[in-house]
Amino acid sequence: MSWLATWWQDASSIPPYTTLVIDDLPEEVHSETIYLVGKPRRYWCAVFQCPCECGEIVYLPLLPGARPRWRVKKHQNETVSIMPSVWRHVGCKSHFFIIHGRVRWCRLIDRDRLEC
Ligand SMILES: [Zn+2]
């Protein structure tokens, strides 16, 4: 099995993030949960633990007009997709998409080509 197949199998065996809608920023952030802060369809922030296990909490602004700004799509099975990708410029520098509650990692395959 190629390293990619092994990696993919590992990645897909991790359960997807569950989604929780809350009124205000969470005091505690559990590792398997994406918190959508605000009212349904008017979320202003998404909060979750960085999936690389560095322990950092990621805050993504969702308000129209915020820069940078992410969009969240909630699916029927209660998972979410977040667009565009999350690229941490500090700390672990992780780069990933959240699609249907699952993490899809991006990696630089050479100087200016990215694989997600
Ligand atoms: Zn991290």
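**Ground rules.** I'm working from a predicted model, where local features need pLDDT of at least 70, side-chain atom pairs count only at pLDDT 80 or more, and totals for chains, interfaces and linings use all residues. I count residues from 1 along each chain as its sequence is written.

**Sheet.** I started with the strands (DSSP runs of E, at least two residues, numbered from the N terminus). I found 4 strands in an open sheet with mixed pairing, in the order β1-β2-β3-β4. Its edges are β1 (18–22) and β4, each pairing on one side only.

Strands count as paired if DSSP finds at least two bridges between them. How many bridges join β1 to β2? I got 5, and the two strands run parallel. I also noted Val 21 standing opposite Leu 36 in β2.

**Core.** Next I looked up the largest nonpolar core, which has 14 residues. Such a core is a set of buried Ala, Val, Leu, Ile, Met, Phe, Trp, Tyr and Cys residues joined through C-beta atoms within 7 Å. Buried means 20 or more other C-beta atoms within 10 Å of a residue's own, exposed means 12 or fewer, and partly exposed is in between, with C-beta atoms placed from the backbone. Among the residues with the most contacts inside the core I wrote down Ile 34, Phe 48 and Ile 82. I see β2 (33–39), β3 (42–49), β6 (80–87) and β7 (95–99) each supplying at least two residues, and β3 gives the most, with 4.

I then followed Ile 34, which touches Tyr 17, Thr 19, Ala 46, Phe 48 and Val 80 (C-beta atoms within 7 Å), leaving out residues up to four places away in sequence.

Most residues other than glycine have a negative phi, and most peptide bonds are trans, so I went looking for exceptions.

I found another cis bond joining Met 83 and Pro 84, omega about -10 degrees; Pro 84 is in strand β6.

Glu 53, in the loop between β3 and β4, has a positive phi near 75 degrees. I put Glu 53 down as exposed because it has 10 C-beta neighbours inside 10 Å. Glu 78 has a positive phi near 75 degrees and sits in the loop between β5 and β6. With 12 C-beta neighbours inside 10 Å, Glu 78 counts as exposed.

Key: Two residues are in contact if their C-beta atoms, placed from the backbone, lie within 7 Å.
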